[in-house]
Amino acid sequence: MPELPEVETVARGLRASLVGRTIIEVEVRWARSVVLPNPTAFSRRLTGQMATGVGRRGKWVMISLSSGDTLLVHLRMTGQLVLEPRGCPDDRHVRVLFFLDDGRCLRFSDARKFGRLWLVDDPAEVLGKLGPEPLGADFTAARLREMLARRRGRIKPLLLDQHFLAGLGNIYTDEALWQACIHPLRRADTLTSVEVRRLHRAIHSVLRAAIARGGTTLSDGTFQQADGRSGEFASRLAVYGRAGKSCPRCGMAIERIRVSQRGTHFCPHCQPLSEG
C-alpha cells in the first residue's frame with residue numbers, strides 16, 4: 001500500500017503539471033471508486049473546475065479546486081494517479097478518468113479496486129481524525145514521548161495506527177524501527193527518552209530519504225509516480241522484504257514475523273526485545 005513517501009511523490013508530481021488545468025469531463029467507470037457524492041453528482045460537480053493546488057495529508061492526495069471543493073484520493077493497495085496524453089492506450093484497470101483542457105487526462109487506475117475518491121467542501125469531514133504528520137513542525141521528539149507514554153500496546157501496531165500518526169505503513173515502520181534499534185514488539189510506554197529521540201530521528205530520516213528517491217516500487221510494480229515512473233527507494237531498504245538476508249549493520253540474518261497480521265522484518269541482534 002502506498003505510504004507517505006509514495007503519496008507525497010504523487011502529490012508533488014501532480015502539483016507540477018495539474019495546477020491551473022481545468023477538468024472538462026469526468027468518466028466514472030467503476031462507481032464504487034467514488035464514495036461522495038454519488039458518481040453522477042461527482043462528475044457534474046467536477047466538470048468546469050480548475051485545479052488550484054495539490055497537497056497531501058497522511059496517505060491521502062488532496063486536490064484543491066476553484067470552487068473551494070477538495071478532491072480526496074486514497075490509493076489503498078494498487079491505486080495509481082497518472083497524467084497521460086488523451087490518446088494513450090486504454091487500460092482495463094482504469095476506474096475514473098478526468099479529461100483536462102490541455103488534451104491530457106488524469107487516470108485513476110486500481111487493479112484491486114480498493115482505492116477510493118471523495119469530493120467534499122470540507123476535508124475535515126474525512127480527514128479530521130488523523131494523527132499528526134510525521135514530517136510536520138509540531139511533531140517533535142518531546143511530543144512523540146508524550147504520545148507514547150500513555151500507550152501500553154506494542155510499538156509497531158501503534159505506529160501503523162493512522163489515528164496515532166498519519167502516513168506510516170508497513171514498509172517505513174519496519175525501516176524506522178530498524179534504524180532506531182527498537183524491536184517491533186516492544187511495549188510503547190517502556191521506551192526511554194534516548195530511544196524515543198532515536199525513533200523520532202529515524203522516522204524523519206527514512207521518510208525524507210524515501211521521498212528524495214521517489215518512493216518505493218516493489219517487485220510487483222504497483223506503485224507509479226504521476227508521470228508513470230517507478231520509485232527508486234527499494235534498493236535502499238535495510239530490512240523490509242529482506243528476510244534471510246544479512247543486516248546491513250551487523251550482518252546477522254533478517255527475520256520475518258507477523259505482528260497484528262502484518263509481515264514484519266527486523267534484525268534480532270540490532271533490535272533485541274527488551275522492556276527498557
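Reader: Is Trp-60 buried or exposed?
Author: Trp-60 counts as buried, because its relative accessibility is 11%; buried means under 20% relative accessible area, exposed over 50%, and partly exposed in between, with a 1.4 Å probe and protein chains only. One heads-up: this is a predicted model, where local features need pLDDT of at least 70, side-chain atom pairs count only at pLDDT 80 or more, and totals for chains, interfaces and linings use all residues. Residues are numbered from 1 along each chain as its sequence is written, and side-chain values use heavy atoms, with hydrogens and water left out.

Reader: OK, which ring does Trp-60 pair with?
Author: With Trp-118, in a tilted aromatic pair at 4.9 Å centre to centre and 55 degrees between the planes. Rings of Phe, Tyr and Trp (its six-membered ring) pair if their centres lie within 6.5 Å; planes under 30 degrees apart are stacked, over 60 edge-to-face, and the rest tilted.

Reader: And what does that pair tie together?
Author: Trp-60 is in strand E4 (residues 60-65) and Trp-118 in strand E9 (residues 116-120), so the pair links parts 58 residues apart in sequence. Strands (E, at least two residues) are DSSP runs, numbered from the N terminus.

Reader: Is Trp-118 buried or exposed?
Author: Buried, at 10% relative accessibility.

Reader: New topic: what lies over the face of Trp-178?
Author: Arg-249, at 4.0 Å from the ring centre. A charge sits over a ring if NZ of Lys or CZ of Arg is within 6 Å of the ring centre and within 35 degrees of the ring normal.

Methods:
Helices (H or I, at least four residues) and strands (E, at least two) are DSSP runs, numbered from the N terminus.
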